[in-house]
Amino acid sequence: MKIEIDQRSGFCFGVEKVIKIAEDILKKEGKVYCLGEIVHNQREMERLVSLGLVTIDYETYRNMKNCKVLIRAHGEPPETYKIAEKNNIQLLDGTCPIVYRLQKKVKIGYEEMKIKDGQVVIFGKEEHAEVIGLKGQTEGKAIVISHLQELDQIDFSKPVVLYSQTTRNKKKYRELGREIRKRINGVADINELIINNTICNQVANRELTIREFARNHDLVLFASGKNSSNGKMLFQVCKEENPNSRFISSESEIKKNWFDNAKSVGICGATSTPEWLMRNVADKVKSLSE
Ligand code: SF4
């Protein structure tokens with residue numbers, strides 16, 4: 001049986017960068033606090049915890065003083081930086097440069113909308129860490145939309161500037177933009193709608209390459225943490241292309257009968273899936289098919 005690991009799957013450079021920061025500090029100091037889960041992958045979390053990574057929540061963070069805290073790739077709202085300053089916390093800032101640039105853009109957009117009495121709209125999940133960081137750039141005023149059904153929150157008679165969480169689906173973002181344009185048309189000046197292309201290419205390109213990869217195999221094993229939004233999105237893409245796609249979080253979930261009639265198995269994953277996990281999956285497939 002042919003077994004192939006998708007060479008374009010695995011950590012994006014933002015996740016790779018923050019994990020490297022964590023590993024370097026853990027090597028030197030044996031312990032580091034991280035505000036929130038550094039990566040949405042349970043297996044990688046277990047590895048880092050065994051090296052000394054300690055995940056803290058916001059309540060704990062607010063009460064900490066005189067220590068170091070790692071900021072993950074998703075970025076943080078300004079409030080987090082203010083607390084650090086007040087409590088003498090040294091931040092090891094692992095914010096992905098793409099997210100950082102997006103935060104700056106959202107901030108500028110918000111300042112412009114304040115002058116025009118307009119609205120900042122973010123396509124994303126309200127509770128997602130990146131979106132919390134983005135909304136923070138707008139003093140909490142941005143309207144967050146995750147489905148077309150939520151569009152009624154927008155006042156279409158006023159200017160709108162639209163951004164997307166970096167890991168959202170491009171097609172859905174285009175649909176959302178089209179629908180907003182439709183509703184503004186006739187109610188206000190259409191030029192008062194600005195749609196920014198802010199989906200990360202690391203994600204958008206993967207959508208295309210994973211489609212092709214999924215098509216080329218009889219069975220697709222998609223390895224990802226269950227709470228990775230990018231993982232959910234990319235798995236959906238695999239499913240669309242190849243109905244014989246399975247979502248797994250660990251090699252232990254693989255069942256021998258999945259390989260019935262399969263001549264080739266493709267292994268791929270999210271931007272938060274470590275390469276070593278995909279290799280473990282490949283080894284397991286090999287041992288089950290022998
Ligand atoms: S998906 Fe893109 S924006 Fe998000 S952390 Fe990775 S590289 Fe950065």
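Predicted model: local features only at pLDDT ≥ 70, side-chain atom pairs only at ≥ 80, totals over all residues.
1. Which side chain meets that of E240 in a salt bridge? The partner is R211, with 3.2 Å from N to O. E240 is exposed, at 51% relative accessible area, while R211 is partly exposed, at 22%.

2. Another pair worth a look is K226 and E253, whose closest N and O atoms are 4.0 Å apart. K226 counts as exposed at 57% relative accessibility, and E253 as partly exposed at 26%.

3. You will also find K135 and E126 joined by a salt bridge of 2.6 Å, N to O. E126 is partly exposed, with 39% relative accessibility. Elsewhere, D152, E179, K182 and R183 form a network of salt bridges.

4. Now to the largest pocket, which holds about 480 Å³ of space. Its lining has 21 residues, and F123, R168, N169, K172 and M233 lie nearest the centre. By type, the lining comprises 9 charged, 7 polar and 5 nonpolar residues.

5. Where does this lining come from? Helices α7, α8 and α9 each supply at least two residues, and α9 gives the most, with 6. Domain 1 and domain 3 each contribute at least three residues to the lining.

Conventions. Residues numbered from 1 in each chain as written. Heavy atoms only, no water. 1 Å grid on protein atoms, 1.4 Å probe; cavity = no way out; pocket = protein on both sides within 12 Å on 5 of 7 lines; lining within 4 Å. Points joined across faces, edges and corners; volume = space filled by probe spheres on them. Helix = DSSP H or I, 4+ residues; strand = E, 2+ residues; numbered from the N terminus. Nonpolar A, V, L, I, M, F, W, Y, C, P; charged D, E, K, R; others polar. Domains from an automatic or database assignment. Buried < 20%, exposed > 50% of the residue type's maximum accessible area, 1.4 Å probe, protein only.
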